[in-house]
Every structure is written in structure tokens, then in C-alpha cells.
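This report goes through a single protein chain, from its nonpolar cores to its sheet, its domains and a few individual residues. The sequence and the model are shown next.

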Amino acid sequence: MAIKSKVRKIGILTGGGDAPGLNAVIRAAVHSAHQRGWEVVGIREGFEGLLKPGLARTLLREDVAGILRTGGTILGTTNRGNPFDYPAGAKGRPNRDLSGLAVKNFRKMGLGALIAIGGDGSLSIAQKLYRKGLPVVGVPKTIDNDLSETVVTFGFDTAVSTATDALDKLHSTAQSHQRVMVIEVMGRYAGWIALHSGIAGNADVILIPEIPFTLESVCAKIKERYRYGPKFAIVVAAEGAAPRGEGLITKGKKESGREHPRLGGVAEFLSREIQSRTGRESRSLVLGHLQRGGEPTTFDRLLATRLGTAAVDLVDQGRFGQMTALKPPNIVAVPIARAIAKMKRVHPGSDVVRSARSLGISFGD
Ligand code: F6P
């Protein structure tokens, strides 16, 4: 393969919450870079690794052997450690801007480019570093599927499969006990995981942040199920779903150094309200981080691999400040700035929502 760029050594990091497929991207980028004769340096613990360059290690072929199918990230990750807003450590002390140090360390390591694999938070940091002069290429990652400019992010398909599997398993116990089972799935401010797993897993009610619900409407659907249908019900609630006119249910205040507050509690709230309003026994379950674990599906392995090799192509072409994205049938380049400008959320009028409604699934609205 002809060498087009002057790059000889690149860095790669994974930032934010982990997602199945991260290792597949790392492996693909390492192989693809090695084909060009480049050295790849694995930067550990996300962008924090640029502040701790001693943790960085050259990645050899043997370091990525066998990781195509593994969950997690061999580089480690964090959703803290933003160099532009770095926690001071001591309580009450203001966060500091250490981005200058990150740039300095990047140069000291002799890197010609940085591949940053992350969601909206990590890609926002990547974009800021790019504006500061760092040659950055982004790779979109998140189980939430809420990044714009790419049809889907890797990790989403695996998370939906895990949630669907959980729904399949909940059916038998719900039926045996004639209970209402309420399952809370991840997704932050977007309802993609709830919507897709809810349809694939045959839920009766799907609650998503994009369609505020009322308890009256949710309970009406459940009563109807017990009156005319099988005497059990399955409710899937996205962690960001909220009753009309009310705010998100969070786990305390936003911790320092985190971009978002931690969401959680909607399933327990719903289960309690459903039981008291319908008189039907209800149980809640939070699927939580199971959705981020495990082996990536075939779809995610392939997508992650394509995104990883495409990122190295972009470095080779010197197209920095760009992110690899899936625009079927191709992987294309889009400006990182455009991808982070707007969150990709479920459109309430989309065909998937309409299809669910045609099946009789309630959105609680
Ligand atoms: O963005 C991925 C995600 O798993 C969200 O769905 C969830 O709200 C959040 O991260 C959980 O973050 P943490 O890893 O801090 O628990």
C-alpha cells in the first residue's frame, strides 16, 4: 500500500462509557496502521492518558490478537478526566484546564495523529483538542446510538440484543405470576435501546424520553391487558423516560468531572405506581451495565472493524477533525463538529414508532 502521509506513529484511545466493539476498532486500527508500517501507541484511560503519558504503550500485533470478539476495551476508559475541565482532586477546589499539558505530552510522545474512539462527550473533547492543533480523527461509539451523522453506532446492536434477551426471559416469569414486569434500559436522553428491544422483545408498553408519558395512559393499557388479553404485562422504560411535565429521574446530583448526571429509578417508580393504581402485582428490574458488557454481535464486530480501518485511512489522507460514520452502504467521513452539534433522538413520527403503535404497543401518551 502506498504511503501518502508523513505519519509514522499514531496514538489511539477509548473514552467515555465502554461499549461492545471497542476492542474490534482498536484491533482494526492497529492492523491497518501496521500494514502501512506505522507504530501505534495505546493511550490508557481515555483522555486522562494524555495527562499520564507514562501509561502509554506501543501496541503490537500480539497485543490485539483475539480481541475482535471481546467486550470492554484493552486500553481502559473513563467518563471523567476531561483535560479541559480536570477535577482538582480536593473538595471545593475548582476544576482546571490541563489541555495545554495534554497537547504537550502528545507532541513529546512523537505522535503524528490521534484516533479517539468515543461518544458525544469524548468526541467533544477530541474536537476541542483538534481546535488546539492536534491532528485528531474520531470514531463514534455508544450503546445509546444518540450520535448524529452516523446511522448507527457500534455497541448499540449488542445492547439491544442483551435487552431483548432479558425481555424474552421476563415473559415466562411475568406470565407464571400474572405480574407486571417493568424493565429499565439505558440510553441516556434517547430511547433507541428501549424502542428497538421493546419491539423485538414483544413489550406491551415502551416508554422513551422523546414521548413523555402519563401514568393514566400506562395503567389503562395494563388494565386492558388483564381484562381482555393475557393476564401479565411487560413494560420497557428508557432510563431517560419521564412523566409529562416532570423532570428526569436521576441518582443524586451530577458528580464533579462528569458531563452528565447519572440517570436511574424510573422502573422502580413505575412499578410502584402501576401496582397501587391497577392493583396488579408488579416487579421492576434495572438491566444496567449488562447492556455494555459481553461479546459484540456480528453486526457490531463488522461495523467496528470498518470504522477502525476507515479511521486509519483518514489519518493517511490527513483528513483531521473528521469522524468515520456509517452512511449505508459506505463508511464516510463527517466533521466531528457536525456529529456533536445535535443529539440523535427517536423521532416520535418515525416508521419504527408507527410500526410499534400498529402492533398495539402503548407509548403511554
Ligand atoms: O452512555 C452510555 C451509558 O451507558 C448510558 O446509557 C448511561 O446513562 C451511562 O452511560 C451510565 O454511565 P456510568 O458508566 O457512569 O454508569
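The largest nonpolar core has 65 residues, and those that touch the most other members are Ile-10, Ile-12, Ile-115, Ile-117, Phe-154 and Val-315. A nonpolar core here is a set of buried Ala, Val, Leu, Ile, Met, Phe, Trp, Tyr and Cys residues joined through side-chain atoms within 4.5 Å. Buried means under 20% relative accessible area, exposed means over 50%, and partly exposed is in between, with a 1.4 Å probe and protein chains only. Helix α4 (residues 156-177) gives the most to this core, with eight residues. Because domain 1 (9-154 + 296-328) and domain 2 (160-292 + 347-358) both give residues to the core, it lies between them. A second, separate core of 29 residues includes Val-41, Leu-50, Phe-84 and Leu-114.

The model is predicted: local features need pLDDT of at least 70, side-chain atom pairs count only at pLDDT 80 or more, and totals for chains, interfaces and linings use all residues. Residues are numbered from 1 along each chain as its sequence is written, and side-chain values use heavy atoms, with hydrogens and water left out.

**Sheet and strand β5**

Helices (H or I, at least four residues) and strands (E, at least two) are DSSP runs, numbered from the N terminus. Two strands pair if DSSP finds at least two bridges between them. Seven strands form an open sheet with mixed pairing, in the order β3-β2-β1-β4-β5-β10-β11. β3 (57-58) and β11 stand at the edges with a single partner strand each, so one side of each is left without a neighbour in the sheet.

Strand β5 (residues 136-140) is largely enclosed by the rest of the structure, because five of its five residues are buried. In a regular strand the side chains alternate between the two faces of the sheet. In β5, Val-136, Gly-138 and Pro-140 point one way and Val-137 and Val-139 the other way, and all are buried.

β5 runs parallel to strand β4 (residues 113-118), to which five bridges join it. Across this pairing, Ile-117 stands opposite Val-139 in β5. From β4 the chain crosses through helix α3 (residues 120-131) to β5 in a right-handed β-α-β crossover. Right-handed means that, with the strands pointing away from the viewer, the path from the first strand over the helix to the second runs clockwise. β5 also pairs with strand β10 (residues 322-327), in the parallel sense and over two bridges. In β10, Gln-322 is the bridge partner of Val-137, and Met-323 is the bridge partner of Gly-138.

**Domains**

Domain bounds come from an automatic or database domain assignment. The centres of domain 1 and domain 2, taken over C-alpha atoms, are separated by 32 Å. The contact between them takes 16 residues from domain 1 and 15 residues from domain 2. Contact means heavy atoms within 4.5 Å.

**Individual residues**

Which residues does Ile-10 touch, not counting those up to four places away in sequence? They are Ala-33, Trp-38, Glu-39, Val-40, Val-41, Leu-111, Ala-113, Ile-115 and Val-315.

Val-41 lies in strand β2 (residues 39-42). Leaving aside neighbours within four places in sequence, Val-41 is in contact with Lys-9, Ile-10, Gly-11, Ile-12, Ala-56, Arg-57, Thr-58 and Leu-111. The C-alpha atoms of Val-41 and Met-109 are 8.9 Å apart, although 68 residues separate the two along the chain.

Asn-23 is in helix α1 (residues 22-35). The side chain of Asn-23 makes a polar contact of 2.9 Å with the side chain of Thr-70. A polar contact is a pair of N or O atoms within 3.5 Å; within protein, one must be able to donate a hydrogen and the other to accept it, and residues adjacent in sequence count only if both atoms are side-chain atoms. Beyond four places in sequence, the contacts of Asn-23 are Ile-67, Thr-70, Gly-71, Gly-72, Thr-73 and Ile-74.

| Residue | Relative accessible area | Class |
|---|---|---|
| Asn-23 | 2% | buried |
| Val-41 | 6% | buried |
| Asn-145 | 3% | buried |
| Gln-178 | 44% | partly exposed |

**Backbone features**

Asn-145, in the loop between β5 and α4, is not a glycine but has a positive phi of about 60°. Gln-178, in the loop between α4 and β6 (180-185), has a positive phi near 50° and is likewise a residue other than glycine. The peptide bond from Pro-328 to Pro-329 is cis, with omega near 10°. Pro-329 lies in the loop between β10 and β11 (330-335).
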